[in-house]
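Please open the model in your viewer and keep the sequence panel at hand.

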Amino acid sequence: MLSQQELTKLFLQQHNWQDRYRQLIVLAKQLPPMPEDLKTDENQVNGCENRVWLTYQKQNNNTFIFQGDSEGRIVKGLLAILIIIANHKTAEEIAAIDFQSLLSQLKIINGLSQSRLQGLTKLIERIQSVV
């Protein structure tokens with residue numbers, strides 16, 4: 001997976017929404033597979049356009065590692081971005097992240113439908129629930 005800095009650079013190189021859309025699909029394909037036994041109702045994020053699952057593990061150094069999957073390519077790409085931003089951070093660091101601002105910097109927010117934006121908000125809420 002990319003670092004947050006590499007992610008930002010990659011998206012800022014895209015010239016239009018179609019290029020960013022294609023990049024989301026590429027990221028979706030790069031998201032490590034989630035074991036089927038973790039795709040439970042408990043791990044499902046409600047309020048998303050597609051079925052989405054998200055889990056996390058707290059590491060010995062108090063950072064978190066997130067893992068997720070979605071049935072939709074774009075949602076899965078958005079999930080990959082959120083995981084890149086949140087992975088290897090403490091609960092306090094995650095709470096301090098302005099996800100909406102970061103996604104705006106990547107020029108992703110404006111191209112999303114209202115239902116995808118709503119689902120994205122639910123994903124961010126789930127990530128920030130580790131606090």
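Two rings of Phe, Tyr or Trp, the last by its six-membered ring, form an aromatic pair if their centres lie within 6.5 Å. The model is a predicted one, and a search of the whole structure finds four such aromatic pairs.

**Stop 1: the aromatic rings**

Select Tyr56 and Phe64 and display their side chains. These two residues form an edge-to-face pair, with 5.6 Å from centre to centre and 70° between the planes. Planes over 60 degrees apart count as edge-to-face. Taken together, Tyr56, Phe64 and Phe66 are linked by ring pairs into a cluster.

Which members of this cluster are buried? Phe64 is buried, and so is Phe66. Phe64 has a relative accessibility of 5% and therefore counts as buried, the limit for that class being under 20%. Tyr56, at 41% relative accessibility, counts as partly exposed.

**Stop 2: the surroundings of Phe64**

Keep Phe64 selected; this residue lies in strand E2. Show the residues in contact with Phe64. Leaving aside residues up to four places away in sequence, Phe64 touches Tyr56, Gln57, Lys58, Ala86, Asn87, His88, Lys89, Thr90, Ala91, Ile94 and Val130. For a distance check, select Thr40: Phe64 and Thr40 are 24 residues apart in sequence and 20 Å apart in space, C-alpha to C-alpha.

**Stop 3: the hairpin**

Select residues 52-58, strand E1, and residues 63-70, strand E2; the two strands run antiparallel and are joined by seven bridges. Within this pairing, find Trp53, whose bridge partner in E2 is Asp69. E1 and E2 form a hairpin with four residues between them.

Now move to Asn62, which is found in the loop between E1 and E2. Asn62 has a relative accessible area of 43% and is partly exposed.

**Stop 4: His88**

Select His88, one of the residues that Phe64 touches. His88 lies in the loop between helix H3 and strand E3 (89-90). Here too the residue is other than glycine and phi is positive, with a value near 65°. At 56% relative accessibility, His88 counts as exposed.

**Stop 5: two helices in contact**

Finally, select helix H1, residues 4-12, and helix H3, residues 73-86. Their axes are 9 Å apart, and the helices pack at an angle of about 140°. That angle makes H1 oblique to H3, because only angles over 145 degrees count as roughly antiparallel. To view the contact, display the side chains of Gln4, Leu7 and Phe11 in H1, which meet Ile81, Ile84 and Ile85 in H3. By class, the contact of H1 with H3 has five nonpolar residues, one polar residue and no charged residues.

Notes:
Residues numbered from 1 in each chain as written. Predicted model: local features only at pLDDT ≥ 70, side-chain atom pairs only at ≥ 80, totals over all residues. Heavy atoms only, no water. Axes fitted to C-alpha atoms, helices over the stretch in contact; angles between N-to-C directions. Parallel < 35°, antiparallel > 145°, perpendicular 65-115°, else oblique. Contact = heavy atoms within 4.5 Å. Nonpolar A, V, L, I, M, F, W, Y, C, P; charged D, E, K, R; others polar. Pairing = 2+ DSSP bridges. Phe/Tyr/Trp six-rings, centres within 6.5 Å; stacked < 30°, edge-to-face > 60°. Buried < 20%, exposed > 50% of the residue type's maximum accessible area, 1.4 Å probe, protein only.
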